[in-house]
Amino acid sequence: MTQFKLRDDFLWGGATAANQWEGGWQEGGKGVSVHDVLTAGAHKVERRITPDGPVEGEYYPNHEGIDFYHRYAEDIALFAEMGFRCLRLSISWPRIFPNGDETEPNEEGLAFYDRVFDELNAHGIEPVVTLSHYETPLHLVHEYGSWRDRRLVDFFERYARVCFERYRGKVRYWMTFNEINTIWRPDPWRTAGLLYAEDEDRNASLARAIHHELLASAKAVIVGREVDPENKIGCMLLYPEMYPATCRPEDVLATRDAMRRVYFFGDVHVRGTYTNTCLSLLNELPGAVLPIEPGDEEILKAGVVDHIAFSYYFSSVESSRDDVEKTEGNMFMAGRNPYLEVTEWGWQIDPVGLRIAMNELYDRYQVPVFIVENGLGAVDVVEPDGSVNDDYRIAYLDAHLAEMVKGVEIDGVDLMGYTWWGPIDLISAGTGQMSKRYGFIYVDRDDEGNGTLERSRKKSFHHYAEIIRTNGATFSTR
Ligand code: BGP
């Protein structure tokens, strides 16, 4: 009998993104990113984009984030106290190439991440680095129309090479684009710097941007391997589990059709080619032509990833008819499932869906998978004694980990690790709020930017530390 178990080097940790926590938006020579022009939103309200640049009188929460730029040593010490084996973080592209199209990188930006990676390594924490987490330099949007333009492939390749060379030996785990499949959104600003003009042929632009991002991702993988064959480089998908609303075959088909938007990117990244799944989807979009040039197909083949990283927050229900009630979801609206509860932000809580998702990805691709985002955004109450008793966060974590361990111990999924989203409170990507808190560490800051930024441990901090210390033993099925 084969005994499946969590890897001995299972990567327990947390996940963050530069734009949501660093702050220092104009320090150290950093340029402006697409995230720096997103205003704060409100409860369940998306943020507005001021595409030409920050506007006087508006509040841009990412500009200061939670000031990780200055407080990284203190934050890393807290992660070390929890026993983190890894920390997922992103490099801000405009910190390294402020405009994106320079030929020489910004030394101050590079030096900042040297300090951060050195600090992590000194604590025995593996950096897990995303090269592009919603941080395209704004200049590339203005000058080139962002990923519509093929020149971005070269800019990204240059940026990736600089990072791989500079951090060789300090970083071994990499991801190219965060949630690359969110480009299907009607307004893929964060993911691809695209804001469609009214009269624009959207399908044509979308297909161009998709191909350019995939090419850039493959080139980065090729370069990363060339610089250091020890590098482990993955893609990163937003993975919503999807269920048919009923057992009507048409609903099952509608579910499969909706999942093509996820598998499109998994297929190219792992199989190195536009499969029938990808092409059948494009065929439904008049004008969507992939701008494939000679040599591109070889690049996609050579640049296949080592593993698949994914975010998992919610599941959705799909129907072939327009008869399913909708609720909020991460980046996309979801079909409401009457069997599930929702978070305060309307995201459906579905731990079993995580086990199903791991299995689906591993079945389909047979490369290791890595859960690099999962978490609960909730309003926390600070008690008069300063404590935060976030039992709801603990319950969410435990329920998901229990299913995750089943996915490994019973189903045999090869899982590299688990990084909780936002182990320290940070700016919400979707709403720009601070009050949508994910952290095990509380940060004193509100939605308007008031507060001391002081850090403190929530109840869940001690809980997660114990889980890591025992390598998830309480969830074992044996
Ligand atoms: C993912 C992003 C993260 C993060 C997370 C939670 O889509 O990769 O950057 O923000 O979702 O979403 P939110 O911050 O909107 O609650």
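Sorted by class, the shell around the ligand holds 5 nonpolar, 6 polar and 3 charged residues. In this sorting, Ala, Val, Leu, Ile, Met, Phe, Trp, Tyr, Cys and Pro count as nonpolar, Asp, Glu, Lys and Arg as charged, and the others, Gly among them, as polar. The model is a predicted one, in which local features need pLDDT of at least 70 and side-chain atom pairs count only at pLDDT 80 or more, while totals for chains, interfaces and linings use all residues. Residues are numbered from 1 along each chain as its sequence is written, and side-chain values use heavy atoms, with hydrogens and water left out.

Altogether, 14 residues surround the ligand, each with a heavy atom within 4 Å of it. The closest are Gln 20, Glu 179, Ala 429, Lys 436 and Tyr 438. Polar contacts (pairs of N or O atoms within 3.5 Å) can also be followed here. Polar side-chain atoms of His 133 and Asn 178 each lie 2.9 Å from an oxygen atom of the ligand. For Glu 373, the corresponding distance to a ligand oxygen atom is 2.8 Å. The protein covers 98% of the 370 Å² of accessible area that the ligand has on its own (Shrake-Rupley method, 1.4 Å probe).

What about the cysteines? A disulfide is a covalent bond between the sulfur atoms of two cysteines. Counted as pairs of cysteine sulfur atoms within 2.5 Å, disulfides number 0 in this model. The sulfur of Cys 86 is too far for a bond because the closest cysteine sulfur, in Cys 235, is 17 Å away. Cys 163 is likewise in no disulfide, and the nearest cysteine sulfur, that of Cys 235, is 19 Å away. Cys 86 is buried, at a relative accessible area of 0%, and Cys 163 also counts as buried at 0%, where buried means under 20% relative accessible area (1.4 Å probe, protein chains only).

Conventions. A polar contact is a pair of N or O atoms within 3.5 Å; within protein, one must be able to donate a hydrogen and the other to accept it, and residues adjacent in sequence count only if both atoms are side-chain atoms. Buried means under 20% relative accessible area, exposed over 50%, partly exposed in between (1.4 Å probe, protein chains only).
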